[in-house]
Amino acid sequence: MNGWQQGTIKVCGVRTPEDIQACLQARVDLIGLVLVPGSKRELSPKQATVLRDLIGDQARVVGVFMNQSYSQVYETTLALDLDLVQLHGQEQGRCWEQLGRPLIRRVMPSDYRRDRRASALPLVDAGAGHGVAHPWPAARYPEAMIAGGLTVNSVAALIEALEPAAVDVSSGVESSPGCKSPRAIEEFCRNARLAFEQVRRVQRSINQ
Ligand SMILES: O=C(O)c1ccccc1N[C@@H]1O[C@H](COP(=O)(O)O)[C@@H](O)[C@H]1O
């Protein structure tokens with residue numbers, strides 16, 4: 001066990017102060033700012049700064065990067081005072097550990113057991129914010145965060161089947177591409193928490 005708290009919820013791709021308010025109201029643990037050029041959720045440096053300041057220390061802020069240079073990620077990490085850095089591409093090498101921030105590294109479901117890169121919280125996800133659900137190999141993921149097409153309706157069953165440490169959602173809490181729905185954020189968090197609680201109940205009864 002890597003010690004990451006089971007029951008962690010991440011909402012990614014926020015773009016407005018209203019999105020932040022919805023996340024804080026729903027007590028989201030990790031809020032993701034997408035800093036990937038070309039993404040429909042990409043934030044300019046100014047937008048990212050405004051949102052980061054609004055969050056303050058009310059949640060942990062994750063910067064999402066994909067195949068960007070070390071110096072770019074380093075400078076952005078400092079400028080935004082990110083709490084965690086998510087590397088969503090094929091980033092290799094040990095330099096990333098020198099960012100001084102816990103790393104979330106995206107890993108394909110088929111590679112999860114073999115991937116040896118240092119990561120505080122592996123993110124098992126076949127996609128990159130496209131909202132596409134993938135067939136999950138029958139396995140448990142107690143040390144990982146899962147993502148990829150999670151929705152208000154699917155999150156509870158996935159938590160109960162896969163027992164992840166954390167869940168991550170973007171498209172599944174949007175009313176249209178790139179636009180978050182406060183109601184969906186609230187429902188997603190409620191459903192996820194009930195399911196995590198159910199998993200804990202089952203685990204307790206097995207351990208008795
Ligand atoms: O959201 C994006 O635009 C994005 C761009 C590049 C890399 C990752 C991106 N998002 C990540 O995708 C998952 C959520 O995906 P889904 O939309 O719920 O299927 C999450 O980890 C985001 O950080």
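**Exercise 1. The shell around the ligand**

Task: Determine which strands each supply at least two residues of the shell around the ligand, and describe that shell by residue class.

Solution: In this predicted model, the strands in question are β2 (30-34) and β8 (166-169). Next, consider the extent of the shell: 28 residues surround the ligand, and the closest are C12, S39, G129, S170 and S171. Finally, sort the shell by class, which gives 10 nonpolar, 14 polar and four charged residues.

**Exercise 2. The barrel**

Task: State in what order the eight strands close into a barrel, and name the bridge partner of V124 in β7.

Solution: The barrel runs in the order β1-β2-β3-β4-β5-β6-β7-β8, with parallel pairing. Within it, take β6 (residues 121-124) and β7 (residues 145-146), which are paired in the parallel sense over two bridges. V124 has I146 as its bridge partner in β7.

**Exercise 3. The two sides of helix α1**

Task: Identify the buried residues of α1, explain why they lie on the same side of the helix, and find what covers them.

Solution: 
- Step one: list the buried residues of α1, namely D19, I20, A22 and C23.
- Step two: examine their directions. They span an arc of only 160° around the axis, and therefore fall on the same side of α1. The general principle is that an α-helix has 3.6 residues a turn, so residues three or four places apart point the same way.
- Step three: inspect the other side of α1, where P17, E18 and Q25 are exposed.
- Step four: identify the cover over the buried residues, which includes β1 (8-12), β2, α2 (45-55), β10 (179-180) and α5.
- Step five: follow the chain beyond the helix. α1 is followed by R27, which has a positive phi near 55°.

**Exercise 4. Residue P17**

Task: Decide whether P17 is buried or exposed.

Solution: P17 belongs to helix α1 (residues 17-25). Count the other C-beta atoms within 10 Å of P17: there are 11. A residue is exposed if this count is 12 or fewer, so P17 is exposed. The C-alpha atom of P17 is separated by 8.3 Å from that of V50, although these residues are 33 apart along the chain.

Technical notes. Residues are numbered from 1 along each chain as its sequence is written. This is a predicted model: local features need pLDDT of at least 70, side-chain atom pairs count only at pLDDT 80 or more; totals for chains, interfaces and linings use all residues. Two strands pair if DSSP finds at least two bridges between them. Helices (H or I, at least four residues) and strands (E, at least two) are DSSP runs, numbered from the N terminus. A residue is buried if 20 or more other C-beta atoms lie within 10 Å of its own, exposed if 12 or fewer, and partly exposed in between; C-beta atoms are placed from the backbone. A residue is near a molecule or strand if its C-beta atom, placed from the backbone, lies within 6 Å of it. Ala, Val, Leu, Ile, Met, Phe, Trp, Tyr, Cys and Pro count as nonpolar, Asp, Glu, Lys and Arg as charged, and the others, Gly among them, as polar. The arc is that of the directions from the helix axis to the C-beta atoms. Two residues are in contact if their C-beta atoms, placed from the backbone, lie within 7 Å.
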